[in-house]
Amino acid sequence: MKPLPTDRLRRVEAWGMTVGGPCYVFRPSTVEGILDAFDAARNAGKTVAIKGGGNSYGDAFLNREAFVLDLSRMRRILEWNPATGVIQVEPGATIADVWQYVLEDGWWPPVVSGTAAVTLGGALAANIHGKNNYRAGPIGEHVRAVWLLTPGGDVLPLSPSQNSELFYAVIGGFGGLGVVVAAEIQLKKVYSGLLDVSAFATGRWVETLDRLDELAQSNDYAVGWVDGFALGAKAGRAILHSANYLKEGDDPHPEESLSVEFQQIPTTVFGIPKTALPRLLRPWVRPLTMRWINSLKYRSGKRQDGHRFRQGLAPFNFLLDSIPNWKHAYRPAGLVQYQVFTPKESSSQLFPSLIAMAHEHGFPPFLAVLKRHRPDPFLLSHAVDGYSLALDFRVHGKRWEKFLSLANEMTELALAAGSRFYLAKDSVLSSDQYERAVGADAVQQYRELKSRLDPEGLLSSELLRRVLLKD
Ligand SMILES: Cc1cc2nc3c(=O)[nH]c(=O)nc-3n(C[C@H](O)[C@H](O)[C@H](O)COP(=O)(O)OP(=O)(O)OC[C@H]3O[C@@H](n4cnc5c(N)ncnc54)[C@H](O)[C@@H]3O)c2cc1C
């Protein structure tokens, strides 16, 4: 066994800042570089976790005291056809890299996450969804092909018609089966860089869920923000937004709105650089002030009920990116997101119970976001025909055990309601809970593929060991 490359030791931290530690980090720029990192890991008797942009809230790319393969340098656009909207990229290209490259030709990624810092490799490994999941499905449904580098050194082309079993397992497979080294994606044609957006206020859970469902039936995008502090008769009050792409001819100046400059989000607010905001906001990120901010947001949203306006594709989709490092406002604590995907019929029972339970345990959710989903054909799919509720919690290290006990209670309730979970956001599930959510057959199939492609168990991560792979 060779000595460990101590010159590569770096601290790697989960996006939510709750967990992190020293890892041996390799940053290859080519497939050969990845294979060198594999050899180095074998020689040192260590496993390798793959990392894209590091935007998973929990331990999806963590591998403390072992190797981390950071793919952010492999970010080239390999091929682009502006006539068909088909793009081929390396895995480290981010959603921002892609939309900024293609927008002026009238194309947009068909599915995007709430931050554009996500890499395509990370997006495919998590099979991300957007505010249009009920209509567009997850990103995997727009992939024409991916090329998977196995730990054994083979590069396998995968698509819905070639090696399809592996295709549907690798997408959403969280980096346990191989490294996606390139992907070919069909983008969406757009005739304007603007969306036609409408805002609505709703008063309680049943109304909120019904209204979101209704909006989802007739709009390209639909999303809800819920006041996580409103309990009792006000529980579930929300501001919903729907949005639609503009049709050809609806935008008098498409050449303007389809430019990258037009989509840029201002870097100051009231003259204050946005980079300074997280530190200024820190004293406000506390239960009492967040209760007030949520209430204020609801009341100002209510005044805008029925308001219709146009907004750029980037500001609508990447609202959270408008304040760089906003998560630092949660420091010195960490930020845990707990997200459940619940069948339509049980959501109106489950969601108020989860929020009430969180309050009872002393963890009010500072942010609550609601989306509408539909099932998809991927092996470890997190989506169901129903809704997701994402709850953001500020969790201090000292209170971690207390939070885990709350999360465990919430998970048992959510499982009884038929929910699934999204590993990109997860920090709390046990392997037993995950298996009950996704099904024992799916877990078994994943493990069989894993032992075929990676018999020595080279690819691993703290997430995979916690929920999916037996040690
Ligand atoms: C502010 C914010 C908003 C978000 N909003 C949404 C949202 O709206 N919808 C949504 O679906 N998600 C959302 N996410 C979650 C995010 O999309 C996922 O965590 C995504 O996987 C992050 O991509 P990444 O490039 O940062 O990958 P990482 O977080 O670094 O890695 C994620 C997983 O991908 C694996 N991986 C990375 N690259 C490869 C590769 N080339 N080959 C194989 N495996 C690989 C890693 O091993 C890991 O398991 C959000 C996250 C943040 C921080």
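This is a predicted model: local features need pLDDT of at least 70, side-chain atom pairs count only at pLDDT 80 or more; totals for chains, interfaces and linings use all residues.
Ala, Val, Leu, Ile, Met, Phe, Trp, Tyr, Cys and Pro count here as nonpolar, Asp, Glu, Lys and Arg as charged, and the others, Gly among them, as polar.

**Around the ligand**

- The ligand has 35 residues around it, and Ile50, Gly52, Asn55, Ser56 and Thr119 come nearest.
- By class, this shell has 18 nonpolar, 14 polar and 3 charged residues.
- Helix α3 (120-126) is one of the elements that supply at least two shell residues each, along with β3 (48-51) and β10 (179-186).
- The largest share comes from α3, with 4 residues.

**Polar contacts and cover**

- On the nitrogen side, a polar backbone atom of valine 180 is 2.9 Å from a nitrogen atom of the ligand.
- On its own the ligand has 970 Å² of accessible area, and the protein covers 97% of it.

**The second largest pocket**

- This pocket holds about 260 Å³ of space.
- Its lining has 17 residues, with Gln264, Ile265, Phe318, Asp321 and Ser322 nearest the centre.
- Those lining residues divide into 9 nonpolar, 6 polar and 2 charged.
- Helix α2 (residues 95-102) gives the largest share of the lining, 3 residues.
- The pocket lies between domain 2 (77-189) and domain 3 (194-433), because both give residues to its lining.

Key
Residues are numbered from 1 along each chain as its sequence is written. Side-chain values use heavy atoms; hydrogens and water are left out. On a 1 Å grid over the protein atoms alone, a cavity is a set of points where a 1.4 Å probe fits but cannot get out, and a pocket is an open set with protein on both sides within 12 Å along at least five of seven lines; lining residues have an atom within 4 Å of a point. Grid points are joined across faces, edges and corners, and a volume is the space filled by probe spheres set on the points. Domain bounds come from an automatic or database domain assignment. A residue is near a molecule or strand if one of its heavy atoms lies within 4 Å of it. A polar contact is a pair of N or O atoms within 3.5 Å; within protein, one must be able to donate a hydrogen and the other to accept it, and residues adjacent in sequence count only if both atoms are side-chain atoms. Accessible areas come from the Shrake-Rupley method with a 1.4 Å probe; for residues, only the protein chains shown count as cover.
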